[in-house]
Amino acid sequence: MLSIVVPCFNEQESIPLFFEAVERVRLQLPLTFEYIFVDDGSHDQTLAELRALASAHADVHYLSFSRNFGKEAALYAGLSHAHGDYVTVMDVDLQDPPELLVKMYQKIQAPEIDCVGTRRVTRTGEPKIRTFFAKLFYKIINRIGQTEMVDGARDFRLMTRPMLDAILELKEVNRFSKGLFTWVGFNMVYLEYENRERVAGTTSWSFWKLFAYSIDGIVNFSDAPLNIASFVGAFSCVASAIAMLIIIFRTIFYGDPTSGWPSLVCIFLFIGGIQLLCLGIIGKYIGKIFTETKKRPIYVVRETDQSKNK
């Protein structure tokens, strides 16, 4: 069985198109399908579309959250409810080409392969500034992180059950799936494809949401920012000590005291800015720890067709 996990947020227009496209591919695979749609607190008719789809097809199931918990929570919920020997994660907007499932299934039949991922080799149609920062993020995270992440890699991948079980063992609230998929290990290969536009609707990912998401990825998989904060603090301390010795030496031997309060104000503001930056970095990590220690559930389900899943 192949379990297809599909997070949805305000995707009422895309759901029927997605289902039709995947059903056409279904005929080319020797597998039974199980659809698991996760409504992440949508405000449109997404839930109504999922109800209708589930009532018409016995292999379609859905979960609806009590509010918007984010894509990472939706992914985890869908993966937790998957029963298949193979599991794939797909975006409902068809930016993940369903026809690739055939090649992915063929590749994963090799005993040494546990996961077949996909990566975009182009970002056609995407704003240039977003492309620039996306590439910059991968360069930074691979330079300072302990887990390698592939530039252009998508969440769209086909996994074996052992790999899925390993991912489900990671129950942290602060999730960054691209890193978690790599962190668990296993043998992974990638299929490359050209970027595709959405078939309907508009994306809910703004530039600032993606920026915040990338910061979470760096914090979750690297302690380099803490090391940077420590280095900056140490450097500032040493530099200020040297500067004070120079001022004292000049005053004693040359009678040339440093004059003017503007220079002092600039120095104070500079040091204060460094301190606030370091405190902000530390605070980000402490905030993540605080969230984890509360042990709140990753998501809350308001409605589901559980009776069909039993």
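Which residues are buried in helix 3? The points below take up that question and then turn to other parts of this predicted model.

1. In helix 3, the buried residues are Glu72, Ala73, Ala74, Leu75, Tyr76, Ala77, Gly78 and Leu79. Helix 3 spans residues 71-80, and because 8 of its 10 residues are buried, the helix is largely enclosed by the rest of the structure.

2. Asp40 deserves a careful look, and its place in the chain is the loop that runs between strand 2 (33-39) and helix 2 (46-56). Asp40 is buried and yet has no salt bridge, since the nearest side chain of opposite charge, that of Arg67, is 7.1 Å away. A salt bridge would need a side-chain nitrogen of Lys or Arg within 4 Å of a carboxyl oxygen of Asp or Glu.

3. The side chain of Asp40 does have polar partners. One of them is the side chain of Asn68, with which the Asp40 side chain makes a polar contact at 2.8 Å, and the backbone nitrogen of Phe69 also lies 2.8 Å from a polar atom of the Asp40 side chain. When neighbours within four places in sequence are set aside, the residues in contact with Asp40 are Cys8, Phe9, Phe65, Arg67, Asn68, Phe69, Gly70, Lys71 and Ala74.

4. Helix 1 (residues 14-26) packs against helix 2 at an angle of about 35°, and the two axes are 9 Å apart. Helix 1 contributes Ile15, Pro16 and Phe19 to the contact, while helix 2 contributes Thr46, Glu49, Leu50 and Leu53. Sorted by class, this contact has 5 nonpolar, 1 polar and 1 charged residues.

5. Val301 is found in strand 8, which covers residues 301-304, and with a relative accessible area of 32% Val301 is partly exposed. Although Val301 and Gly41 are 260 residues apart in sequence, their C-alpha atoms are 9.6 Å apart in space.

6. Between the C-alpha atoms of Lys135 and Gly152 the separation is 8.2 Å, with the two residues 17 residues apart along the chain.

Methods:
Residues are numbered from 1 along each chain as its sequence is written. This is a predicted model: local features need pLDDT of at least 70, side-chain atom pairs count only at pLDDT 80 or more; totals for chains, interfaces and linings use all residues. Side-chain values use heavy atoms; hydrogens and water are left out. Helices (H or I, at least four residues) and strands (E, at least two) are DSSP runs, numbered from the N terminus. Buried means under 20% relative accessible area, exposed over 50%, partly exposed in between (1.4 Å probe, protein chains only). Lys and Arg count as positive and Asp and Glu as negative; His and the chain ends are not counted. A polar contact is a pair of N or O atoms within 3.5 Å; within protein, one must be able to donate a hydrogen and the other to accept it, and residues adjacent in sequence count only if both atoms are side-chain atoms. Contact means heavy atoms within 4.5 Å. Axes are lines fitted to C-alpha atoms, for helices over the stretch in contact, and angles run from 0 to 180 degrees between N-to-C directions. Ala, Val, Leu, Ile, Met, Phe, Trp, Tyr, Cys and Pro count as nonpolar, Asp, Glu, Lys and Arg as charged, and the others, Gly among them, as polar.
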